[in-house]
Amino acid sequence: PAPLSARSFDPATGENEVHPLKGLGASAVSSVVPLGAASDPTGDLVGVTITEGFATYSFSKKALTRLSGSPPVAAGERFNDGKVDPAGRYWAGTLARDDKGEIVSGAASLYMRDTNGTVTKVAGGLSISNGLCWSADATKMYYADTPTGQVDPAFLDHAPSPAGEAERSLSRSLARSLSLPPAQVDVSDYAVTPGAASNRRP
(Lines give C-alpha, C1' and ligand atoms only; values in the text may rest on other atoms or scores of the structure.)
Protein backbone atom coordinates (compact mmCIF):
# COMPACT_ATOMS: atom_id res chain seq x y z
CA PRO A 1 0.00 0.00 0.00
CA ALA A 2 1.02 3.60 -0.61
CA PRO A 3 2.17 5.67 2.40
CA LEU A 4 -0.19 8.13 4.07
CA SER A 5 2.30 10.80 5.15
CA ALA A 6 4.88 13.30 3.94
CA ARG A 7 8.22 13.79 5.70
CA SER A 8 10.53 16.78 6.07
CA PHE A 9 14.18 16.27 7.04
CA ASP A 10 16.46 19.01 8.35
CA PRO A 11 20.10 17.97 7.69
CA ALA A 12 21.37 20.66 10.05
CA THR A 13 19.54 19.26 13.07
CA GLY A 14 18.89 15.70 11.93
CA GLU A 15 15.19 16.19 12.66
CA ASN A 16 12.85 14.02 10.59
CA GLU A 17 9.29 15.34 10.89
CA VAL A 18 6.33 13.18 9.84
CA HIS A 19 3.22 14.87 8.45
CA PRO A 20 0.22 12.50 8.38
CA LEU A 21 -2.11 13.31 5.49
CA LYS A 22 -4.80 10.71 6.07
CA GLY A 23 -6.77 13.03 8.31
CA LEU A 24 -6.67 15.68 5.59
CA GLY A 25 -8.55 13.50 3.11
CA ALA A 26 -5.67 11.70 1.40
CA SER A 27 -6.08 7.94 1.12
CA ALA A 28 -2.58 7.57 -0.37
CA VAL A 29 0.52 9.74 -0.90
CA SER A 30 2.57 8.47 -3.84
CA SER A 31 5.03 11.31 -4.54
CA VAL A 32 6.34 14.50 -2.93
CA VAL A 33 8.21 17.12 -4.98
CA PRO A 34 9.65 20.59 -4.24
CA LEU A 35 8.14 23.75 -5.72
CA GLY A 36 10.24 26.42 -7.39
CA ALA A 37 10.85 29.82 -5.81
CA ALA A 38 8.50 31.45 -8.31
CA SER A 39 5.63 29.33 -6.98
CA ASP A 40 6.62 29.41 -3.31
CA PRO A 41 9.58 31.59 -2.24
CA THR A 42 9.17 30.47 1.39
CA GLY A 43 9.89 26.80 0.66
CA ASP A 44 6.89 25.85 2.80
CA LEU A 45 4.86 24.17 0.05
CA VAL A 46 5.52 20.88 -1.73
CA GLY A 47 3.67 19.23 -4.57
CA VAL A 48 2.17 15.83 -3.85
CA THR A 49 0.19 13.19 -5.68
CA ILE A 50 -2.60 11.53 -3.78
CA THR A 51 -5.05 8.86 -4.94
CA GLU A 52 -7.16 11.36 -6.88
CA GLY A 53 -4.38 13.38 -8.51
CA PHE A 54 -2.24 16.49 -7.99
CA ALA A 55 -2.20 18.57 -4.79
CA THR A 56 0.01 20.79 -2.62
CA TYR A 57 0.85 20.47 1.05
CA SER A 58 1.84 23.26 3.45
CA PHE A 59 4.22 22.13 6.21
CA SER A 60 3.54 25.17 8.39
CA LYS A 61 -0.25 25.11 8.05
CA LYS A 62 -0.49 21.31 7.81
CA ALA A 63 -2.98 21.85 4.99
CA LEU A 64 -3.58 19.78 1.87
CA THR A 65 -4.95 21.59 -1.20
CA ARG A 66 -6.19 19.60 -4.18
CA LEU A 67 -5.33 21.19 -7.50
CA SER A 68 -7.83 21.61 -10.31
CA GLY A 69 -7.48 19.74 -13.59
CA SER A 70 -6.64 16.29 -12.25
CA PRO A 71 -8.16 13.53 -14.40
CA PRO A 72 -10.92 11.31 -13.01
CA VAL A 73 -9.66 8.02 -11.56
CA ALA A 74 -11.62 4.80 -11.93
CA ALA A 75 -12.55 2.43 -9.10
CA GLY A 76 -9.37 0.75 -7.87
CA GLU A 77 -7.13 3.27 -9.64
CA ARG A 78 -4.76 5.69 -7.89
CA PHE A 79 -1.86 7.96 -8.76
CA ASN A 80 1.60 6.44 -8.35
CA ASP A 81 5.15 7.69 -8.95
CA GLY A 82 5.59 11.37 -9.80
CA LYS A 83 8.51 13.74 -10.45
CA VAL A 84 9.16 17.26 -11.75
CA ASP A 85 11.13 17.75 -14.96
CA PRO A 86 13.81 20.47 -15.43
CA ALA A 87 11.17 22.79 -16.94
CA GLY A 88 9.04 22.59 -13.79
CA ARG A 89 6.31 20.28 -15.08
CA TYR A 90 4.91 17.62 -12.74
CA TRP A 91 4.72 14.16 -14.32
CA ALA A 92 2.82 11.35 -12.59
CA GLY A 93 1.33 8.03 -13.56
CA THR A 94 -1.36 5.77 -12.18
CA LEU A 95 -1.95 2.12 -11.38
CA ALA A 96 -5.19 0.17 -10.98
CA ARG A 97 -6.08 -2.92 -8.95
CA ASP A 98 -9.05 -5.27 -9.23
CA ASP A 99 -11.28 -6.49 -6.38
CA LYS A 100 -8.64 -9.07 -5.47
CA GLY A 101 -5.90 -6.46 -5.25
CA GLU A 102 -4.18 -7.58 -8.45
CA ILE A 103 -2.78 -5.06 -10.93
CA VAL A 104 -5.08 -4.54 -13.91
CA SER A 105 -2.98 -4.70 -17.07
CA GLY A 106 -3.45 -1.78 -19.46
CA ALA A 107 -5.59 0.31 -17.08
CA ALA A 108 -2.94 2.87 -16.05
CA SER A 109 -1.91 6.17 -17.63
CA LEU A 110 0.88 8.76 -17.54
CA TYR A 111 -0.03 12.45 -17.04
CA MET A 112 1.81 15.76 -17.11
CA ARG A 113 0.76 18.87 -15.18
CA ASP A 114 2.20 21.89 -16.99
CA THR A 115 3.37 25.07 -15.27
CA ASN A 116 0.15 26.78 -16.37
CA GLY A 117 -1.98 24.17 -14.54
CA THR A 118 -3.02 22.24 -17.64
CA VAL A 119 -3.03 18.45 -17.17
CA THR A 120 -2.34 16.34 -20.27
CA LYS A 121 -2.65 12.57 -20.65
CA VAL A 122 0.63 11.60 -22.32
CA ALA A 123 0.21 7.82 -22.51
CA GLY A 124 -2.40 5.19 -21.74
CA GLY A 125 -2.66 1.41 -21.77
CA LEU A 126 0.01 1.02 -19.06
CA SER A 127 0.00 -1.22 -15.99
CA ILE A 128 2.14 0.61 -13.41
CA SER A 129 3.57 3.91 -14.63
CA ASN A 130 6.77 4.32 -12.67
CA GLY A 131 10.46 5.29 -12.47
CA LEU A 132 10.61 8.74 -14.10
CA CYS A 133 14.00 10.34 -14.83
CA TRP A 134 15.55 12.70 -17.41
CA SER A 135 18.62 12.89 -19.61
CA ALA A 136 21.22 15.54 -18.81
CA ASP A 137 20.08 17.82 -21.65
CA ALA A 138 16.43 17.48 -20.55
CA THR A 139 15.28 16.41 -24.02
CA LYS A 140 14.54 12.80 -23.11
CA MET A 141 12.50 11.35 -20.25
CA TYR A 142 12.58 7.69 -19.25
CA TYR A 143 9.64 5.93 -17.65
CA ALA A 144 8.88 2.32 -16.90
CA ASP A 145 5.82 0.13 -17.04
CA THR A 146 6.93 -2.02 -14.11
CA PRO A 147 5.16 -5.38 -14.72
CA THR A 148 6.38 -5.48 -18.32
CA GLY A 149 9.99 -4.72 -17.34
CA GLN A 150 10.01 -2.16 -20.14
CA VAL A 151 11.85 1.18 -20.07
CA ASP A 152 10.55 3.71 -22.60
CA PRO A 153 11.84 7.11 -23.72
CA ALA A 154 9.68 10.17 -24.35
CA PHE A 155 11.30 12.88 -26.46
CA LEU A 156 10.47 16.27 -25.01
CA ASP A 157 10.29 19.93 -25.89
CA HIS A 158 11.79 21.26 -22.66
CA ALA A 159 10.32 24.77 -23.00
CA PRO A 160 6.94 24.97 -21.20
CA SER A 161 4.07 24.95 -23.67
CA PRO A 162 0.95 27.10 -23.19
CA ALA A 163 -1.08 24.21 -24.58
CA GLY A 164 0.53 21.78 -22.14
CA GLU A 165 1.82 19.55 -24.95
CA ALA A 166 5.37 18.49 -24.03
CA GLU A 167 5.57 15.24 -25.94
CA ARG A 168 6.69 15.06 -29.57
CA SER A 169 6.89 11.30 -29.85
CA LEU A 170 6.43 8.47 -27.40
CA SER A 171 7.99 5.21 -28.51
CA ARG A 172 8.39 1.71 -27.20
CA SER A 173 11.79 1.17 -28.75
CA LEU A 174 13.65 0.46 -25.50
CA ALA A 175 12.08 -2.84 -24.46
CA ARG A 176 14.40 -4.32 -21.85
CA SER A 177 14.44 -7.43 -19.70
CA LEU A 178 14.42 -5.40 -16.50
CA SER A 179 12.48 -6.20 -13.34
CA LEU A 180 12.60 -2.71 -11.79
CA PRO A 181 12.12 0.84 -13.14
CA PRO A 182 14.96 3.33 -13.61
CA ALA A 183 15.65 5.51 -10.58
CA GLN A 184 17.95 8.14 -12.09
CA VAL A 185 20.22 9.07 -14.98
CA ASP A 186 23.93 9.03 -14.14
CA VAL A 187 26.68 11.46 -15.22
CA SER A 188 27.24 9.44 -18.39
CA ASP A 189 23.55 9.81 -19.31
CA TYR A 190 22.75 6.17 -18.61
CA ALA A 191 19.34 5.25 -17.19
CA VAL A 192 20.27 3.46 -13.95
CA THR A 193 17.96 0.64 -12.90
CA PRO A 194 18.20 -0.93 -9.42
CA GLY A 195 18.73 -4.66 -9.66
CA ALA A 196 19.70 -4.60 -13.34
CA ALA A 197 22.89 -6.25 -14.48
CA SER A 198 24.07 -3.07 -16.16
CA ASN A 199 23.06 0.49 -16.95
CA ARG A 200 21.20 1.15 -20.19
CA ARG A 201 20.94 3.93 -22.70
CA PRO A 202 19.85 3.97 -26.37
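Predicted model: local features only at pLDDT ≥ 70, side-chain atom pairs only at ≥ 80, totals over all residues.
Five bridges hold the antiparallel pair of β3 and β4, the latter made of residues 45-50. Within this pair, Pro-34 has Val-46 in β4 as its bridge partner.

Strands β5 and β6 run antiparallel and are joined by four bridges. Ser-58 lies opposite Ala-63 of β6. The two strands form a hairpin with four residues between them, and Lys-62 in this hairpin has a positive phi near 50°. Lys-62 belongs to the loop that connects β5 (53-58) with β6 (63-66). Most residues other than glycine have a negative phi. Lys-62 is not a glycine, yet its phi is positive. With a relative accessible area of 46%, Lys-62 counts as partly exposed, because that class lies between the limits of 20% and 50%.

A further open sheet of four strands has the order β7-β8-β9-β10, again with antiparallel pairing. Its edge strands are β7 (77-84) and β10 (119-126), each of which pairs on one side only. From one strand to the next, the twist averages 20°. Although β7 is an edge strand, six of its eight residues are buried, so β7 is largely enclosed by the rest of the structure.

Six bridges connect β7 and β8 in the antiparallel sense. Gly-82 has Ala-92 in β8 as its bridge partner. These strands form a hairpin with five residues between them, and in the turn Gly-88 has a positive phi of about 90°. On the next pairing of the sheet, strand β8 (residues 90-96) runs antiparallel to strand β9 (residues 108-113), with four bridges between them. Here Gly-93 is placed opposite Leu-110 in β9.

Four aromatic pairs are present in the structure. In one of them, the ring centres of Tyr-57 and Phe-59 are 5.4 Å apart and the planes stand at 90°, so the pair is edge-to-face. Both Tyr-57 and Phe-59 are buried. Ring pairs also link Phe-54, Phe-79, Tyr-90 and Tyr-111 into a cluster.

The largest pocket holds about 350 Å³ of space. Its lining comprises 19 residues, and those nearest its centre are Leu-35, Ser-39, Gly-88, Tyr-90 and Thr-115. Strands β3 (29-34) and β5 each contribute at least two residues to the lining of the largest pocket. Classed by residue type, this lining has eight nonpolar, eight polar and three charged residues.

Terms used: Residues numbered from 1 in each chain as written. Heavy atoms only, no water. Pairing = 2+ DSSP bridges. Axes fitted to C-alpha atoms, helices over the stretch in contact; angles between N-to-C directions. Buried < 20%, exposed > 50% of the residue type's maximum accessible area, 1.4 Å probe, protein only. Phe/Tyr/Trp six-rings, centres within 6.5 Å; stacked < 30°, edge-to-face > 60°. 1 Å grid on protein atoms, 1.4 Å probe; cavity = no way out; pocket = protein on both sides within 12 Å on 5 of 7 lines; lining within 4 Å. Points joined across faces, edges and corners; volume = space filled by probe spheres on them. Nonpolar A, V, L, I, M, F, W, Y, C, P; charged D, E, K, R; others polar.
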